[in-house]
Amino acid sequence: MSDQNQPQSVPEVPDSNALTELALDLHWSWNHSADEIWKRLDPELWGLSGNPWVILQNTSPRKLESISDPIFHRRVKQLLAETKDKWAAAGWFQRAHPDAPLRAVAYFSMEYMLSEALPIYSGGLGNVAGDQLKAASDLGVPVVAVGLLYQQGYFRQEIDARGEQQALYPTNEPGQLPITPVRTPEGEWLRIPLMLPGNKIWIRTWQVQVGRARLYLLDTNDPANLPQYRGITNELYGGGPELRLRQELLLGIMGWRLLRVLGIQPEVCHLNEGHAAFAVLERARDYMNETGRPFQEALAVTRAGNIFTTHTAVDAGFDRFAPALSRLYMSQYAQDALRISIRDLLALGRKNPEDDSEPFNMAYLAIRGSGSVNGVSRLHGKVSRRLFQPLFRKFPESEVPVGHVTNGIHVPTWDSTGADRLWMDHCGKGMWRGDLGDVEKNFRTVDDGRLWDMRTAGRRALVENTRERFARQEASHGASPLKLQEAQSILDYDTLTLGFARRFATYKRPCLLLHDPERLARILTNPNRPVQLVLAGKAHPKDEPGHALIREWTSFVRRPDVRPHVVFLSDYDMLLAERLVEGVDVWINTPKRPWEASGTSGMKVLVNGGLNLSVLDGWWAEAYSPDVGWAIGDGEEHGDDPAWDRADAEALYSVLENQVIPEFYDRDEMGIPRAWVSRIRESMARLTPAFSANRTVREYTEEHYLPATAAYAARAEDNGRIGASVLAWQREIARRWKEIRFGELKIDTQDGEMTFEVEVYLGGVDPGAVRVELYADAPGDDTPFRQEMKRKEPRTAGCVAYVYSTRTAATRPASDFTPRIIPYHPAALPVEADRMLWQK
């Protein structure tokens, strides 16, 4: 038979559907096994964007057909199969809680930092949301997220030739983003109407695949809308109060409505900051429609399934809306949807519900609509209790019902290639998808040589990336060939490298390191032990003091004596953050305590062996010990005292000069700084798991999501019977609270024991609706003394008085103890018992 009659093999070509599926799943942002595919398709564009969807959009079908390499073809199919198998397998949640009734957690956030390919974030809040969503995917926790799709997002930054920040607003072209429209079963684009004052507007819906999790995005840039409404989702954190209110109505109300249109029925609603608080109203409305119960009962039932995480460290940071603006946008919703008065709705967002002149506070609405409230670090939990104390009348600060879940970072997103290999070799593949049981113990076995090699490679990569980026930055200003040559040789591979990158705001004190410019210059230019510094950061476009702080640094870095040792990189974004945290030796953080709610930038260096030098604020206040990094400050609050700024600056210079720099350059005969490497090992082993999003999401799941699921189910049972009972109890307590008073207190001490007896007049209040306790403050942050006083037979003396008594050891003065009365219902949540009466 001739060769012509032999069957001809058809060359394999890449499956465009498989490539599309891979490119549209943001799993690639933390799993880099497919990087080789995208680099093969367009090496230059891959290097510039790191965005598989953009590469695929710019690759013609003809080019795909021209790739006849069978290995490439099989690799694409293999990657897709591996991904599907991974997400089909049971995750940590399914293994640890196989019978849990939790089917969906609705997670609401104003911003998400998932990838530079989807720039809908500003900073820390988006970082937390994105990292937790990725960790939920890894762990199998059933989270579905909701946010907004911004046409421009947050601004991009250019540092011009004068060292001034310029704000730029490039457009997010949906076709270039890894998102797809949400389609109805009939294939139509899902668009949902929303009534605003005088107009109906259309909301477009999008979806983003994030591993096994999904993020839904809403936008108003629909051609059917008037221009002023198309721009509602134009910009993140831009415009005035009216635009912000429109955005937050869209996020909370329409976000929840979208989930229900899709048939998703979350047991838990998690508000990532108060921006999304309108979701608690829409969830209650949803329950009203299902059951026919009135709004207050619906809120009492659904509140049990809502969780509010606050990230704000100062009262001025809460979103507030003027009464007139609030009435304009909420009156119709209150009347038609909730069937309550606008006054009753606005009362939910006021400290004093009777004060019609008080602005509407979104954080107050979130608290009153949620079953549990938490800050984002141990210290921030304490700060938040102080901020929200006005809502809990006469509560000791320590008992305001606000807890904390400390933030963590998604380790696979922020680790370098070298660090990832080191963790995998010693702790196993997939370690960040489990319970982290032996991670700390196993990582301690890494030897000094491997740790130091990893750190050296990370620093080298940072220097190379900085040179390349800084040269482009200088070229954009028309720099001379000599200046460009200098830019391409800035920094040194073997020099101690400090990193400082964050939002430039006065409370973050970004110029504390610049307090004494000459001393800093001497530190940087020391010929025997030099130091180099990489800086980045944005100031809000309207924050002139923040702009001035940037100018201070850009002026300093131009000094000829320090220019080779310090660089300010413009446009601090996720890609730059990844490069910085992979390579810096020491991360510096200098906020005014306690204004840093948590902070996550310092957490990101942990996985890569970077060390922290920070004020004892946010997460570092609970993470610090002398063997894992360095701290400045005394752990107290000093307000705006300039003398304390000087003291902190002096401490910062002193720690650098006397501890950090000598330890880095103290090498043995093999060139390894043994003490430094020992500190790295301890920091990586102990802190990386503890401050990972893996730990954070597991903590939310077991301490908040599962209890909230059970509490909501209990309240919703029997057409909301328990919810109605709690509401009736609250109303009765509010109506009759003024009738309650204390009578005589008797204290008897015998045989080392004190007996307290107190008369209590309850008026018309059922004795079972209150609890009488003996209370004493605790020193420092210890737990206060709380002991229930038992009721005896009523004593009649004109009106009914009950006698309550208890005993305790006489180990402290009787004057330390005070009886008190708090409302009590066996099914009440801590946030629902919001008043206290003390014996005088």
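**View 1. What covers the buried residues of helix α22 in this predicted model.** Helix α22 itself spans residues 517-525, and its buried residues are R519, L520, A521, I523 and L524.

**View 2. Strand β18, covered on both faces.** Let's move on to residues 586-589, which form β18. V586 and I588 lie on one side of the strand, W587 and N589 on the other, and all four are buried.

**View 3. The neighbours of β18: strands β15 and β19.** Strand β15 (residues 496-501) runs parallel to β18, and two bridges join them. Here L498 sits opposite V586 of β18. Strand β19 (residues 611-615) also pairs with β18 in the parallel sense, over four bridges. In that pairing, N589 has S614 of β19 as its bridge partner. To get from β18 to β19, the chain passes through helix α25 (residues 601-606), giving a right-handed β-α-β crossover.

**View 4. Helices α18 and α20 in contact.** The axes of α18 (residues 417-427) and α20 (residues 448-475) come within 9 Å of each other and cross at roughly 155 degrees. Because angles over 145 degrees count as roughly antiparallel, that is how α18 runs relative to α20. From α18, the contact involves G418, A419, R421, L422, D425 and H426; they meet R450, L451 and M454 of α20. Sorted by class, this contact holds four nonpolar, two polar and three charged residues.

Technical notes: Residues are numbered from 1 along each chain as its sequence is written. This is a predicted model: local features need pLDDT of at least 70, side-chain atom pairs count only at pLDDT 80 or more; totals for chains, interfaces and linings use all residues. Side-chain values use heavy atoms; hydrogens and water are left out. Axes are lines fitted to C-alpha atoms, for helices over the stretch in contact, and angles run from 0 to 180 degrees between N-to-C directions. Angles under 35 degrees count as roughly parallel, over 145 as roughly antiparallel, 65 to 115 as roughly perpendicular and the rest as oblique. Contact means heavy atoms within 4.5 Å. Ala, Val, Leu, Ile, Met, Phe, Trp, Tyr, Cys and Pro count as nonpolar, Asp, Glu, Lys and Arg as charged, and the others, Gly among them, as polar. Buried means under 20% relative accessible area, exposed over 50%, partly exposed in between (1.4 Å probe, protein chains only). Two strands pair if DSSP finds at least two bridges between them. A crossover is right-handed if, with the strands pointing away from the viewer, the path from the first strand over the helix to the second runs clockwise.
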